[in-house]
Amino acid sequence: MTAVELEVRTLLAALTPTAAKADIYAEDTYVHETVQHLERLGIEPDAFARQHSLLLLKPDAIVARAVEPTLEWLAENDFQVIGAHRLPVNRHLARAVWYFAWNIATAERRRLADLLVDISDALVLVVRGADGELPVSVRLTEAKGPTDPRKRQPGELRYVLGRHNFLLNLVHSPDDPADVLREFTIFFDEAVRRDLLTRTVDGAAVAAELAQELYAAAPARSFDRAEALARLCADAGVPVAAARSDADCARLLYDAWDAGRALDPWSVLVLGSFVLPMRTGSGSQTLPPVTAKTWLEGRS
């Protein structure tokens, strides 16, 4: 480990409860780039990482018209939006963000994710809050609610936005301060980072303006499974009655893909997110998720 990596490793030890994450991120180019840029700007990386988080409103959030409810929820939960940026997304960005979790993603999940990034640009919010017992990123992730819609509770952001499903969960945020450092450079190039860090703006107002641009480019669509199935059956020339079960619906998609048949991408996303496998049957993700519980246990 080089002297620079050792310095970053020491920094990361205080920013994640996961020793394996600190070891891996000590050699991560995105983390190094963020830390070096913050230091050039005279910003303490440790304080920045603890006092800030990011909230990615994915293309499904744009289709769901979820920006305004998200801004309201953030304000009600004592999170301040200090910056917003319209983010073009592609398959490479998705793999960079979820790199250490996608080892348990199925081929079907990757295929649907690649469809999702073509639906719309995304919106990234830079969020600031009080650094207390929980840093801002951990508090936001806890309040955002889990990926599994069956486990979401009233008041959580994902519950407020709509209980869709495992894949179409609308929003993402970094688990802990170490992830904030990594994702900050994944989402933003140097010029955008400098602008976000040095310019004082009403981030919520900027986000609301960007939302209108995004809405104009991406029409609102239904998340209803039955509507998606009807559209896909029409595209495939198959009667709806032939796709009654989850297995029938999955076979409809597999057959269309094998035949190279053109299908409505959004309808594929909606139906596929209900009937296709999202996780491999064994193993665990490379880096486990950080929760408020694991953060507090790691600090004790």
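Contact means heavy atoms within 4.5 Å, and in the protein chain residues 24 or more positions apart account for 78% of the contacts with a separation of 6 or more. The structure is a predicted model, in which local features need pLDDT of at least 70 and side-chain atom pairs count only at pLDDT 80 or more, whereas totals for chains, interfaces and linings use all residues. Residues are numbered from 1 along each chain as its sequence is written, and side-chain values use heavy atoms, with hydrogens and water left out.

The protein chain comprises 17 helices and four strands, these being DSSP runs (H or I, at least four residues, for helices; E, at least two, for strands) numbered from the N terminus. Along its principal axes the C-alpha trace spans about 65 × 40 × 35 Å. Of the 300 residues, 51% count as buried, that is, under 20% relative accessible area with a 1.4 Å probe, protein chains only.

The structure holds eight aromatic pairs, defined for rings of Phe, Tyr and Trp (its six-membered ring) whose centres lie within 6.5 Å, with planes under 30 degrees apart counted as stacked, over 60 as edge-to-face and the rest as tilted. Tyr25 and Phe100 form a tilted pair, 5.8 Å centre to centre with 45° between the planes; Tyr25 lies in helix α2 (residues 19–25) and Phe100 in the loop between α7 (91–97) and α8 (107–116), so the pair ties together parts that are 75 residues apart in sequence. Tyr25 is buried, with a relative accessible area of 3%, and Phe100 is buried as well, at 12%. One aromatic cluster is formed by Phe48, Phe184, Phe187 and Phe188.

Notes. Buried means under 20% relative accessible area, exposed over 50%, partly exposed in between (1.4 Å probe, protein chains only).
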